[in-house]
Amino acid sequence: MSAHDELASVQRCLDDLLRAFGRLEKQVDPGSLELRRARSDVNHLRESLALLREATPGPAARRPDLVPIPDTPYDSSLWTDSDDEGVGNRHRP
């Protein structure tokens, strides 16, 4: 299973957990300290998962193809009419 699939699975589990907390709050005092702490922990997990999803490349992400650079010297005719950086063209007055 890819990292993208695993993250989607964790997201589904967290969504299920949040729905369960919603049902639990209807049965237990929603102002109880324990329930507020647990709700806060779940919200922190959701935020952390969102950050992790942003940092994890998707399935389509791949490295670009590398372009080989030859070790042989370039043809000097490529540099005709070029300027030397900060000096200007040597052949123009």
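Start by selecting Asp16 and Arg19: they sit 3 residues apart in helix 1, so about one helical turn separates them. Helices here are DSSP runs of H or I with at least four residues, strands are E runs of at least two, and both are numbered from the N terminus. Before going on, note that this is a predicted model, where local features need pLDDT of at least 70, side-chain atom pairs count only at pLDDT 80 or more, and totals for chains, interfaces and linings use all residues. Residues are numbered from 1 along each chain as its sequence is written, and side-chain values use heavy atoms, with hydrogens and water left out.

**Stop 1: the pair you just picked**

Show the side chains. Asp16 and Arg19 form a salt bridge, at 2.2 Å from N to O. The term means a side-chain nitrogen of Lys or Arg within 4 Å of a carboxyl oxygen of Asp or Glu. Side chains of opposite charge can pair when their charged atoms come close. Asp16 is partly exposed at 42% relative accessible area, and Arg19 is partly exposed too, at 47%. Buried means under 20% relative accessible area, exposed means over 50%, and partly exposed is in between (1.4 Å probe, protein chains only).

**Stop 2: the other salt bridge**

How many salt bridges does a search of the whole structure find? It finds 2. For the other pair, select Arg39 and Glu25, whose side chains meet at 3.0 Å, N to O. Arg39 belongs to helix 2 and Glu25 to helix 1, so this pair ties together parts 14 residues apart in sequence. Arg39 is partly exposed at 22% relative accessibility, and Glu25 is partly exposed at 25%.

**Stop 3: the two helices**

Now switch to cartoon. The secondary structure comes to 2 helices and 0 strands. Colour residues 33-55 for helix 2: its 23 residues reach 33 Å from first C-alpha to last, close to the 33 Å expected. The expected span is 1.5 Å times one less than the number of residues. Helix 1 (3-27) has 25 residues, and its end C-alpha atoms are 36 Å apart, in agreement with the 36 Å it should span.

Draw the axes next. Helix 1 and helix 2 pack at about 160°, with axes 11 Å apart. That makes the two roughly antiparallel. The axes are lines fitted to C-alpha atoms, for helices over the stretch in contact, with angles from 0 to 180 degrees between N-to-C directions; roughly antiparallel means over 145 degrees.

**Stop 4: between the helices**

Which residues of helix 1 are buried? Select Leu7, Ala8, Gln11, Leu14, Leu18 and Phe21. These buried residues pack against helix 2. On the helix 2 side, pick Leu35, Val42 and Leu49, its buried residues; what covers them includes helix 1. Contact means heavy atoms within 4.5 Å.

Asp15 is in helix 1 and is partly exposed, at 26% relative accessible area.

**Last stop: the whole chain**

Zoom out and select everything. Buried residues make up 12% of the 93 residues in the protein. Of the contacts with a separation of 6 or more, 50% come from residues 24 or more positions apart.

Technical notes: Angles under 35 degrees count as roughly parallel, over 145 as roughly antiparallel, 65 to 115 as roughly perpendicular and the rest as oblique.
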